[in-house]
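Visitor: I would like a close look at one part of this structure. Please take me through a single chain, and begin with its surface.

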Amino acid sequence: MTARVALADVEVGTELPAQVFHVDRAGLVRYAGASGDFNVIHWNERLATSVGLPNVIAHGMLTMALAGRTVTDWVGDPGAVVEFGTKFTRPVVVPDDADGATVEVTGKVAAINDDGTVRVSLSVVCDGVTVLGNPRAVVRLA
Amino acid sequence: MPLNEAFLGRVFPPSAPYQVGREKIREFASAIGDANPAFHDVEAARALGYPDVIAPPTFAVVLALKASTAAVKDPELGLDYSRVVHGEQTFAYSRPIVAGDELVVTVTIDSLRTIAGNDMVNARGDITTVDGEHVATTTSLLVARALEPSE
């Protein structure tokens with residue numbers, strides 16, 4: 001279990017490489033199948049709009065997974081992530097077009113803990129709106 | 001219908017064992033677009049010190065939401081599952097989930113409350129191997145939205 005980033009290389013404020021993800025309808029179907037979450041609001045526009053949503057929305061857990069990728073890509077060893085959490089505050093609306101939705105993830109080291117782990121705080125934005133509330137991870141660096 | 005306070009602190013029987021497949025991990029990682037070799041390549045995972053490919057940090061939700069959904073669908077609880085959205089999710093790992101693991105989930109209802117007509121249930125999932133080794137603990141806040149907009 002060896003993270004690529006060493007504790008000695010980071011300080012509070014160290015930024016993770018920012019990432020941009022594209023989420024389209026095919027991706028939602030694929031995530032539904034892989035995760036077993038077949039809630040209709042993630043693939044059926046008629047039923048999504050019937051419950052008051054503007055359109056089909058992405059699985060919150062898919063958006064969270066993209067945020068997680070930003071951390072695991074940075075740290076190298078995904079097993080170095082010991083805690084990960086978020087609130088789901090705004091939906092990622094995925095229109096039925098070639099572009100779908102764009103999710104931008106940035107992050108920085110927010111704290112260095114006494115046990116040598118670091119807390120990373122993330123920001124996850126779609127269409128200029130923050131979609132995840134207080135997304136954060138605790139990572140054990142090399 | 002109000003939430004049934006008798007469910008607070010209730011511990012549900014452990015789920016049936018879930019066999020973590022190598023191909024399932026690869027499928028899940030591909031579905032989140034993640035080519036990290038630790039999820040796909042056994043040799044790369046072994047080079048990091050794991051016995052087989054490991055699962056992405058959010059993979060545990062596949063087991064946890066299945067178990068907690070089954071628990072909160074108990075009609076005695078009084079949660080209208082047709083209105084449920086996912087409000088919050090956390091994971092805390094003792095170690096990553098590895099292909100070949102056989103895992104059981106024990107769901108506990110950690111909190112129940114109703115705010116502005118929204119029924120909120122926090123379900124904790126303690127994930128262990130069938131031999132009792134702790135792997136991860138998840139918490140899922142499930143919210144049945146108010147029938148009328150409260151904002």
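Guide: This is a predicted model. The accessible surface of chain B comes to about 6700 Å². Carbon and sulfur atoms own 55% of that surface. Now the charges. Chain B carries 12 positive and 20 negative side chains. The centres of these two sets lie 2 Å apart.

Next, burial. Chain B has 151 residues, and 54% of them count as buried; the cut-off is under 20% relative accessible area.

Then the extent. Along the principal axes, the C-alpha atoms of chain B fill a box of roughly 55 × 35 × 20 Å.

What fills that box? Chain B has four helices and five strands. Their order from the N terminus is β-α-α-α-α-β-β-β-β.

Contacts come next. Take the contacts in chain B with a separation of 6 or more. Residues 24 or more positions apart account for 70% of them.

For a detail at the level of one element, turn to chain A. Helix α3 of chain A covers residues 60-75, 16 residues in total. At 1.5 Å a residue, α3(A) should span 22 Å. Gly76(A) follows α3(A), and the phi of Gly76(A) is positive, near 85°.

Technical notes:
Residues numbered from 1 in each chain as written. Chains lettered and ligands numbered in written order. Predicted model: local features only at pLDDT ≥ 70, side-chain atom pairs only at ≥ 80, totals over all residues. Heavy atoms only, no water. Helix = DSSP H or I, 4+ residues; strand = E, 2+ residues; numbered from the N terminus. Expected span 1.5 Å × (residues − 1). Buried < 20%, exposed > 50% of the residue type's maximum accessible area, 1.4 Å probe, protein only. Contact = heavy atoms within 4.5 Å. Areas by Shrake-Rupley, 256 points an atom, 1.4 Å probe, with all protein chains shown as cover. Lys, Arg positive; Asp, Glu negative; His and termini not counted. Charge placed at Lys NZ, Arg CZ, Asp CG, Glu CD.
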